[in-house]
Amino acid sequence: MSPPSSRLARLPIFYGWIIVAVAFVTMAIGVNARTAFSLLFPPILDEFGWDRAVVAGVFSFGFFVSALVAPFVGRMVDRKGPRLVIESGVIVLIAGLCLATLAREAWHFYLTLGMLIGIGGNLLGYGVQSVILPNWFVRRRGLAIGIAFSGVGAGSIVLLPWMQVLIARDGWRWACLALALITAVLLIPLNLLMRKRPQDIGLHPDGDAAAAPRTPGGHASNVVDTAWASVTWTLARAMRTARFWWIALGYFSILYAWYAVQVHQTKYLVEIGISPMQAAWALGIVSLAGVPGQIVFGHVSDRIGREWAWAIGCLGFVICFAALIALRQGANPALLYTMIIAQGFLGYSATSVLGPIVAEIFEGPHFGTIFGTLMLTAITGGAVGPWVTGLLHDHTGNYDAAFWIGLAMSLVSAAAIFIAGPRKVRLVAGRVGK
């Protein structure tokens, strides 16, 4: 009888696409469990009457805790593989959703919807998947990651409006319990299919019959800087380079902008005259627009390079913040749809190159640890953004200053990744031979 790995290698479809499918469903549920805080935010505010910054701080605290564990998560994937890490994340996420229903004090929410949801989301979300998926694809790396991460949008258009209906009908506690049940039923069995790399089951990246062709010097044919690529990059070596810190700045800035708008968007739209259900649908449609955006620009990044794809994502957030600022003058449908399309189709597409940017600069056996540490800075940005945005609102009475800061951070992020320059180390497939 053939060992399981041999049977997996003989499947009619490259097993990497099964990994993509598993990641798609995992992201659809796991990431939206964290995104759903935007829907829980208004009823929790109404029920307990706390300051807006206190409640927004729940989300930020979860991100801070998630940032602290991010480097260890990357190391765990390097050493133990993805199944243990992701299944642990699923269990922690379920615990956070269930225990939140018992919360009565602010610190209860910080522990449940903050810490547990933050840790659980980290263990199964963008950071972990961005470590695993680049192992399975080289030529189609951006496309594969774009498809996997588009699960977030596909899940949001189903889960978020459904949760808003449950919140309005049965209350936010029942909505949390229902989402916990869905998470348990789907994600626990599905992630038993995860594998770390194709070589573990006798395959090669992209489903090729053999390893990628190499030059006489032993380097991959897409390498531009052979001296850089020949280094066995450890975390300590990476941190001594300027490129590491430019990526850190780029990732911090984009997640600052991303979550500043995501957490406060629903409340802001309601305050300017849009109904709660329309605001919930807007949040869902933003993520739905991210589905084609992540696939299209993930594929495009394999042709034009990671920096340009990242810049397109940053441009999306620039337009998004500009539209939100303009919306303060009135609920103009054209501005609302501009904000939705820019944020979702363009902005969310940046996730498709989150892993490839680092992989092409610091590829090697310690990639997971390096990427996890960079995600610490990214997640810190995601934590600071909502908290600062809420704090500025509480002090100024509006979101104008906060949204201008988010716009500026988006521009900083684009510039930082261009300076880091993954194109100067490895060319994408569409640039090889050109």
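Me: Is Ser150 buried or exposed, and why?

Reply: Buried means under 20% relative accessible area, exposed over 50%, and partly exposed in between (1.4 Å probe, protein chains only). Ser150 counts as buried because its relative accessibility is 1%. This is a predicted model, in which local features need pLDDT of at least 70 and side-chain atom pairs count only at pLDDT 80 or more, while totals for chains, interfaces and linings use all residues. Residues are numbered from 1 along each chain as its sequence is written, and side-chain values use heavy atoms, with hydrogens and water left out.

Me: Where does Ser150 lie, and which residues does Ser150 contact?

Reply: Helices are DSSP runs (H or I, at least four residues), numbered from the N terminus. Ser150 sits in the loop between helix 8 (141-149) and helix 9 (151-170). Contact means heavy atoms within 4.5 Å. Apart from neighbours within four places in sequence, Ser150 contacts Phe24, Val291, Gln294 and Ile295.

Me: How many residues has the largest nonpolar core?

Reply: Such a core is a set of buried Ala, Val, Leu, Ile, Met, Phe, Trp, Tyr and Cys residues joined through side-chain atoms within 4.5 Å. The largest one here has 131 residues, and Tyr251, Leu269, Trp310 and Phe362 have the most contacts inside it. Helix 13 (residues 242-271) gives the most to this core, with 13 residues.

Me: Which residues does Trp310 touch?

Reply: Not counting residues up to four places away in sequence, Trp310 touches Gly250, Tyr251, Ile254, Ala350, Val353, Leu354, Ile357, Ser413, Ala414 and Ile417.

Definitions and conventions:
Helices (H or I, at least four residues) and strands (E, at least two) are DSSP runs, numbered from the N terminus.
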